[in-house]
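Subject: Structure handover

Hi,

Here is the structure I promised to pass on. Please open it alongside this note.

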Amino acid sequence: MKQTRLAFPDPILSSLLVLLLAGGLVVLYSAGGWVLVERQLIRIILGLTGFFVITQIRPERFEQFTPYLFVITLLMLVAVLLVGVTVKGAQRWLDVGISIQPSELGKITLPMMVAWLFRHSPIPPRWPSLLAAMTVIALVAGLIYQQPDLGTAILIAVSGLFVIYLAGLSWRLIIGMSGLALLSLPLLWYFLHDYQKHRVLTFLNPESDPLNRGWNIIQSKIAIGSGGFSGKGWTEGTQTQLDFLPEHSTDFILSVLSEEFGFLGVLLLFTLYFCIIMRCLYIAYNAKNTYNRLLCGALSLIFFVYVVINAGMISGLLPVVGVPLPLVSYGGTSILTLLLSFGIITAVHKHKKLIQQ
Amino acid sequence: MGTPLKQPHLERRIFQQRLWVAVMVVVVIFAALIGRYFYLQVIKHSYYAEQAEKNRIKTNRIKASRGLIYDRNGILLADNVTTYRLLLTPEKAGNIEQQLTELRKLIPLTADELSEINLQLQYNPIFKPLIIKDKLSDQQVAAFAVRQHQFPGFSTQPYLIRQYLYPVVMSHVIGYVGKITEQEYLLEDKVRYAADDYVGKTGIESYYEQQLHGHPGILSTVINAKGKILSEEINQPPKNGKPLTLTIDLALQQATYEAFDENTGSAIAVDPNTGEILAMVSKPGFNSNLFINGISHADYQQLTTSPEKPLFNRSIKGGYEPGSTIKPYMALAGLFYQLIDEDYTYFSRGFFQLPGQARKYHDWKRGGHGQVDIVNSLAESVNVFYYDLANRLGIDRIHDFLQPFGFGQLTGIDVSGEKQGILPSRGWKRAFRNMIWFPGETVIAGIGQGYFVITPIQMAQALAIFSAKGEINPLHLVQKPVKTEHLPMEISAKDWQIAHDGMIAVVNAANGTGRSIRSDDYLIAGKSGTSQVYGKSEEDIYKKSEDLPKELRNHALFIAFAPAEQPQIAVVVVAEHGSSGSKAAAPIARKIIDAHLKKPQENPSL
């Protein structure tokens, strides 16, 4: 029994992830050279180790530890506001020997907490658990918003809302709340920082400011469009190599891929993402208890949201919000968090299998 | 496990329903994303591909070097020399303000220049070099080179600039170049001209701008977004401007300029056989090199306020009465219309009167010249002879006869800015004065007075035709084939010879007004004249261009050609305020003729 449990985690999901990570490194080499690939590789190995370790954990343990993990997250989020490291005008980092970003932790622990709140509640959920879930979501999102990091705050809130949606919140309430959210959009504008307002305005009309704020998105579209059907070839993308494309190893790495590997490359990447998401949703579909179902479903859907926001943003469909392309963009914390959440999903899958056995 | 209300199967079913909805949403959104990328990468590919190319390839022009200008003997007159300008690339500089303060100790910058730099700094992209100062002196370049390490971001750049080797004597012929103005740039071909190009502003430089300017080459530079050059390739080499060889003989030009001494005025020497202008001087000239990089305010002030008007090109813009220099043409007209012949004489009693009018038109000599024939009428410049002749000719025939010589018309000389002048006629007076022509005006037209406004270049063209006995060789400054034509009227060789004999007598007869410049080496034909200064004040058409002096002394004129039998040179001299043509202008003409005709004889003895 112990032997089987240490065996290779879900081969389908694992191989899809490894394929995506490897492909990401190939693109990253073109965007940032060997130095970045080396550093990214270290993070990937670290992340995959975490992924593998988490996979071995029995899912009941997640459920069991959820409240503690959530409290730790809350404490760290408060700490970041008090003693955090300020980078580019925002306090997002906590320096405890290594720099960590508590909001990244929240990306996992918040859906865990909301799933935990609904683990015993009836379908559709009753008001007490709904109110508790909303409070928890508002607390975490509010703390992250204070850093300030509106983008992450919204995304984390959405991951919590996904749990509520999957828990069976009645459609009437969903539609009502969506309507309310739409109506409060103008109010949101009031709370936006200047740079955020500029981002939205630039999104609405990038040509209005082609040399400054609109530059990124214009150059990104040129990179994507000039890639054509089959691309300019690996490391042959002029937009990337000549530095016209901004932040090409991080947020705009999909532009690099689009330029150098063309529409075919984009199609392949989207297919990979689609397969990963479908596999995760399949695992969630077959999960044995409410907590696992809700957590796996929410984590899969929020992963999907990251992909859509990044791919939409660099192609001019969505405003620039600074969301990296999951598992491909250069940058440590996000890869680590994502691989850990995939570890949770894989653990759920393994657990189901073990029960079946 | 769970509360009593929990229904695991229903719960699971609802969850799976929710997942199916989510899957559908995922599929739709992925389809939309793929559609978006298909749109950008396949449908709009060519548009974005073009944008990407534009990004990385910058085409720069390689300036063509301006055509050089030579004199007829191949002596270089206008050159292009390498000079240096100081550039600042803001991106590479640290504290610009502090560096500029230090820099001013080496290279002085005026407050105006400094504020212009500060203005430019606000709009100039930080990677684009900004011109701080043009045309550095050699000392400034050297001083900067030694301390360049103290000025990161600053650099010197070589460029070609026009230089005139004989700036003052050639100033009015060659003219000068200057930076293209906004208005000029708007009118020019944008492929050939850049906003920082030089263009000819006056003279040959302006007239032959199209030939001299050349065609810029194209340099393709592959750069990155930071302006760093990755590779360069010349796609099209520049076509340099065509060199021009002038008809001017520099030595003669210098001799002509010097012949004026302190006088101001104009002198033109032409080869009547070809129409080539050997020398063309407007005195005083000016240092045309001052204009190339934008003349300083003080220099410009001095040039424009000087009473001698050094910027005014008298040769093509100065309007003068021809005075008595018109008499040879009048004599020829009389011969042509058979009003006079070689045996004809007229008795000069000192004045002329129109029948029934009291007004007396005087001779310059009190008591008159007595009985004079054509030759003597020219030798002594007998006014009454020409009052009478003009009266008999009538203004219409005078106008029609003089017109083919080019009086009162643009000669088409190849420098910019020529003025038309006036050849009076009934039609002209009616059109411009709305008045009828009076007989008295015909009388004074006989001695080149009244409404005449003639430029020296017109006098030179007419004299060239006259000395070549009716052969018209259009005057020009740049060597080129010209079409020889002839006067429309058939003037007999005999009549030509009589008119020429009259001009020969002016210089060579004992009673000639120009006998002081008689030469033993060759036969000079000439005619003096006086251009009245006060008479012009009532002119309003040419008031602006007219060089009205404060002094009222008349301008001295002299026209001459030599050798009279086979003319090689024809000369027109206007010595402003010289009073008497024979005294002030004739010696200048003689020096010019000598400088030209004696040169070949001197050469063998060297």
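Below is what I found, going from the chain contact to single elements.

Keep in mind that this is a predicted model.

**Contact between the chains**

Chain A puts 40 residues in contact with 36 residues of chain B. On the chain A side, five helices each supply at least two residues: α6 (150-166), α10 (215-227), α11 (238-241), α12 (253-285) and α13 (290-314). The top contributor is α12(A), with 11 residues. By type, that side of chain A has 23 nonpolar, 14 polar and 3 charged residues.

**A helix pair in chain A**

α12(A) also packs within its own chain. Its axis and that of α2 (residues 11-56) of chain A come within 10 Å and cross at roughly 165°. Angles over 145 degrees count as roughly antiparallel, so α2(A) is roughly antiparallel to α12(A). The crossing is left-handed. From α2(A), the contact residues include A:I12, A:L16, A:L20 and A:V27. From α12(A), they include A:I253, A:L257, A:E260 and A:R279. The residues of this contact divide into 16 nonpolar, 1 polar and 2 charged.

**A buried strand in chain B**

Look next at β11 (residues 265-271) of chain B. 7 of its 7 residues are buried, so β11(B) is largely enclosed by the rest of the structure. Both faces are covered. One side carries B:G265, B:A267, B:A269 and B:D271, and the other B:S266, B:I268 and B:V270.

β11(B) has two antiparallel partners listed here:

- β12 (residues 276-283) of chain B is joined to β11(B) by 7 bridges, and the two run antiparallel. B:A267 has B:V281 as its bridge partner in β12(B).
- β21 (residues 569-575) of chain B pairs with β11(B) over 6 bridges, again in the antiparallel sense. Here B:A269 is bridged to B:V571.

The hairpin of β11(B) and β12(B) has 4 residues between the strands. In that hairpin, B:G275 takes a positive phi near 85°.

**A tryptophan in a loop**

B:W437 sits in the loop between α16 (426-433) and α17 (439-445) of chain B. Is B:W437 buried or exposed? The cut-off for buried is 20 or more other C-beta atoms within 10 Å. B:W437 has 20, so it counts as buried. Leaving out residues up to four places away in sequence, B:W437 touches B:I395, B:R426 and B:K429. B:P424 is 13 residues from B:W437 in sequence, and their C-alpha atoms are 9.7 Å apart.

Best regards

Terms used: Residues are numbered from 1 along each chain as its sequence is written. Chains are lettered from A and ligands numbered from 1 in the order in which they are written. This is a predicted model: local features need pLDDT of at least 70, side-chain atom pairs count only at pLDDT 80 or more; totals for chains, interfaces and linings use all residues. A residue is buried if 20 or more other C-beta atoms lie within 10 Å of its own, exposed if 12 or fewer, and partly exposed in between; C-beta atoms are placed from the backbone. Two residues are in contact if their C-beta atoms, placed from the backbone, lie within 7 Å. Ala, Val, Leu, Ile, Met, Phe, Trp, Tyr, Cys and Pro count as nonpolar, Asp, Glu, Lys and Arg as charged, and the others, Gly among them, as polar. Axes are lines fitted to C-alpha atoms, for helices over the stretch in contact, and angles run from 0 to 180 degrees between N-to-C directions. Angles under 35 degrees count as roughly parallel, over 145 as roughly antiparallel, 65 to 115 as roughly perpendicular and the rest as oblique. A crossing is left-handed if the near helix is turned anticlockwise from the far one by less than a right angle, and right-handed if clockwise. Two strands pair if DSSP finds at least two bridges between them.
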